[in-house]
Amino acid sequence: MQSEDIELAVLETSELTTFPCSIDQNLRRTNADKTKTPPSLLNRKKRKHRIKQGPCKTLIPKQGLITTNIAKYWHQRYSLFSRYDDGIQMDEEGWFSATPEEIAATHAARAGSGTIVIDCFSGVGGNAIQFALKIRGCHVVAIDIDPWKIGYAINNAKIYGVEDNIDFIVGDFFQLAPFLKADVVFLSPPWGGPSYNKIQNFTLDLLKPRDGYSIFQVAQKITPNIIMFLPRNVDINQVEELSWLSSPPLNFEIEESHVQGYTKGITAYFGYIVSGSPGLYKLSEVATS
Ligand code: MGP
Ligand code: SAH
């Protein structure tokens, strides 16, 4: 099958809706394309030049097609990225996984200025960008196993002017983890797609690509200061149990994460970033004294 045939097959089997405005050009990505290096990772200097010319015009068609799977998230595009119209790029998983900006900003506010934050499953950069904003003053290491996601994250970080505060890595978090050091680890792993909300009690074993306990244990070897963004139907007792994996148990706090009063997810904080704990800087002082 030629790549154009695959593209057509994908489009024909999806339900499609037309929207009269800029749409993710990546919906036209074919299976064959997935094996290629994303354009954002090739010759970054040249690309930078193209972005200065205006990414919206060169990369995103004025009119396009979008599957009904994505339509719900497209309607929320400005709450995902307030600068969406400046040329934000995402693929299908990026659409349904990006943390809304308001929530990502709340997460970022917990990490002290000057801290190093690892976004272990960075996707298209929803969280990494907020941690990296100058008002936060964090340096971010953004990891994703999918090179296309990192390509989009680089593009999106440039739109927010924070690309210099982020080191982008294409890789498997679990393989990289033993070599990483940081003040804060941020975890927003895959939840298994939008159908996560059909489950009444979302148990931690449903997280991908490994169960929540395993993900947490790997993260904990980097730092006790962990922020985890989880489904709103997550089993809260299990989330609390994560704090007991450490001896003594980690400080633990849980909050509902809202966009305009509507609960989008649950955020769990562990370690010194829990409200009322001694701050990260005290942790560094203790470590160096
Ligand atoms: P949602 O529940 O699919 O959408 O995702 P919405 O609009 O709240 O659905 P409604 O029909 O109930 O109104 C809500 C948010 O959860 C998304 O914007 C993402 O931030 C986050 N999210 C959803 N999924 C499926 C994932 C995922 O797989 N991984 C991560 N990290 N976040 C996700
Ligand atoms: N917080 C992100 C969304 C993360 S979605 C945002 O706001 O944009 C989860 C991401 O985990 C996906 O992009 C997926 O490609 C990535 N992922 C899955 N397995 C991974 C692994 N083993 N290592 C690193 N990233 C992984």
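The shell around ligand 1 comprises 11 nonpolar, five polar and three charged residues. Here Ala, Val, Leu, Ile, Met, Phe, Trp, Tyr, Cys and Pro count as nonpolar, Asp, Glu, Lys and Arg as charged, and the others, Gly among them, as polar. The model is predicted: local features need pLDDT of at least 70, side-chain atom pairs count only at pLDDT 80 or more, and totals for chains, interfaces and linings use all residues. Residues are numbered from 1 along each chain as its sequence is written, chains are lettered from A and ligands numbered from 1 in the order in which they are written, and side-chain values use heavy atoms, with hydrogens and water left out.

Ligand 1 is surrounded by 19 residues; a residue is near a molecule or strand if one of its heavy atoms lies within 4 Å of it. The closest are Y73, Q76, A98, Y196 and R232. Polar contacts (pairs of N or O atoms within 3.5 Å; within protein, one must be able to donate a hydrogen and the other to accept it, and residues adjacent in sequence count only if both atoms are side-chain atoms) were then listed. A nitrogen atom of ligand 1 lies 3.2 Å from a backbone N or O atom of S188. The side chain of Y196 places an N or O atom 2.4 Å from an oxygen atom of ligand 1. For Y262, a polar side-chain atom is 2.8 Å from an oxygen atom of the ligand. Taken alone, ligand 1 exposes 660 Å², and the protein buries 90% of that. Accessible areas come from the Shrake-Rupley method with a 1.4 Å probe; for residues, only the protein chains shown count as cover.

Ligand 1 sits in the largest pocket. On a 1 Å grid over the protein atoms alone, a pocket is an open set of points with protein on both sides within 12 Å along at least five of seven lines, whereas in a cavity a 1.4 Å probe fits but cannot get out; lining residues have an atom within 4 Å of a point. A molecule sits in either if more than half of its atoms lie within 2 Å of its grid points. Two or more shell residues come from each of α4 (68–74), α6 (92–97) and β9 (262–270). Helices (H or I, at least four residues) and strands (E, at least two) are DSSP runs, numbered from the N terminus.

Ligand 2 has 23 surrounding residues, and the closest are T99, N127, D144, F173 and S188. Its shell divides into nine nonpolar, nine polar and five charged residues. The space taken by ligand 2 is the largest pocket. A polar backbone atom of T99 is 2.9 Å from an oxygen atom of ligand 2. N127 brings a polar side-chain atom to 2.9 Å from a nitrogen atom of the ligand. A polar backbone atom of F173 lies 3.0 Å from a nitrogen atom of ligand 2. Alone, ligand 2 exposes 580 Å², of which the protein buries 94%. Elements giving two or more residues to this shell are α6, α8 (126–132) and α10 (173–176).

Strands β8 (residues 252–259) and β9 run antiparallel and are joined by eight bridges; strands pair if DSSP finds at least two bridges between them. F252 has F270 in β9 as its bridge partner. The two strands form a hairpin with two residues between them. In the turn, Q260 has a positive phi of about 45 degrees. Most residues other than glycine have a negative phi, and most peptide bonds are trans. A cis peptide bond joins K208 and P209, with omega about -5 degrees. P209 is in the loop between β6 (184–187) and α11 (212–220). S247 and P248 are also joined by a cis peptide bond, with omega about -5 degrees. P248 lies in the loop between α12 (236–243) and β8.
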